[in-house]
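Here's a quick tour of the structure shown below. Have a look at the fold, then read on for the ligand site, the strands and a helix pair.

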Amino acid sequence: MIEVENLTKHYGPRKAINNLTFQVAQGEVVGFLGPNGAGKSTTMNILSCILPASSGTARIRGYDIFEHSLEIRKIIGYLPENPPLYPDMSVRDYLMFAAKIRRMTGKQTGTAVERVIENCSLKDVGHRIIGRLSKGYQQRVGLAQALVHDPDILILDEPTIGLDPIQIIEIRKLIQELAASHTIILSSHILPEIAQICQRVIIINEGEIAAVDSLEGLTASLRKSDRLSLTIRNDGNKVEEKLNSLKQVLSVLPGEKNQFLLECELNSNLQDEIARLALENQWGLVEIKPLSLTLEDVFLKLTIEEKDVKA
Ligand SMILES: Nc1ncnc2c1ncn2[C@@H]1O[C@H](COP(=O)(O)OP(=O)(O)O)[C@@H](O)[C@H]1O
Ligand SMILES: [Mg+2]
């Protein structure tokens, strides 16, 4: 569906992205994750035919981004980091305009605008001036203009940036709904957002791909040990020492309030043994819980290792 090959972009002497190669299958929802300045917007601008690459190629549904940019503009919807809104226009007029520059005819325009107003929950603000709407509503208008020509593919650049927590939840929900019927590339520097919405993640750092994998795959491939959290009621009974005496326990870290974080050998399944110790020593077992590596752990590890390699 989307095939990117050795894509490179220089801004003068500065290399913004370097030899990016990745694919996105039809129907996939892929997260483009990286810190600020990683090259996310540059890549998305190139895929949306707004910016030419310095070298490399990309094809979207077989169309080359350089040779068939008009075709590509018909099949993708793009929400740039700063949505291209006209603050003095009303929502409905602006969306009519967006539909017309997509070369829709009179009747099609009306139907398309009503459809996106409905899909993006803009009914109550259709007549309002865009500049006076909240940032959350403005972002929905941005999404609506990206959807007005009913594209199969959506490229969304940091769609929740600058929104308050409630607006973030609403926009994420809207994207999740769109994910059911669209191929989506979504960029973010917010880790939980990617984990919540995307099936696969491309981690980009300093213009290069640091990893491409499913969320589970990423965490599994980096996991070198299992982690357990133990909570008990009665502390002070040589807990650390006894836990450390278990052969497969690598380390014990006391946490908050009778909580202990255990690093164990991979697949050691120590829950039974720990429960037995807790019973024997009357620790008052409250909870034993396996902890998975968070996306944040993965991200830090990958980006830091990337730096280490270069140093
Ligand atoms: N128009 C531009 N001119 C010069 N440098 C730019 C321009 N746009 C982006 N850059 C630089 O390219 C790099 C990648 O930027 P960008 O693609 O915006 O990253 P991201 O979206 O991941 O934050 C950054 O170092 C940024 O400063
Ligand atoms: Mg950006």
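## Around the ligand

α1 gives the most to the shell around ligand 1, supplying three residues. Helices (H or I, at least four residues) and strands (E, at least two) are DSSP runs, numbered from the N terminus.

The residues surrounding ligand 1 include Tyr-11, Arg-14, Gly-39, Lys-40, Ser-41 and Thr-42, where near means a C-beta atom, placed from the backbone, within 6 Å. Three shell residues are nonpolar, six polar and two charged (Ala, Val, Leu, Ile, Met, Phe, Trp, Tyr, Cys and Pro count as nonpolar, Asp, Glu, Lys and Arg as charged, the others, Gly among them, as polar).

This is a predicted model: local features need pLDDT of at least 70, side-chain atom pairs count only at pLDDT 80 or more, and totals for chains, interfaces and linings use all residues. Residues are numbered from 1 along each chain as its sequence is written, while chains are lettered from A and ligands numbered from 1 in the order in which they are written.

## Strands

β1 (residues 2–11) runs antiparallel to β4 (residues 55–60), joined by five bridges; strands pair if DSSP finds at least two bridges between them. Glu-3 sits opposite Arg-59 in β4, and Arg-59 in turn stands opposite Asp-64 in β5.

In the hairpin of β4 and β5, with two residues between the strands, Arg-61 has a positive phi near 45°.

## A helix pair

The crossing of α5 and α6 is right-handed, that is, the near helix is turned clockwise from the far one by less than a right angle.
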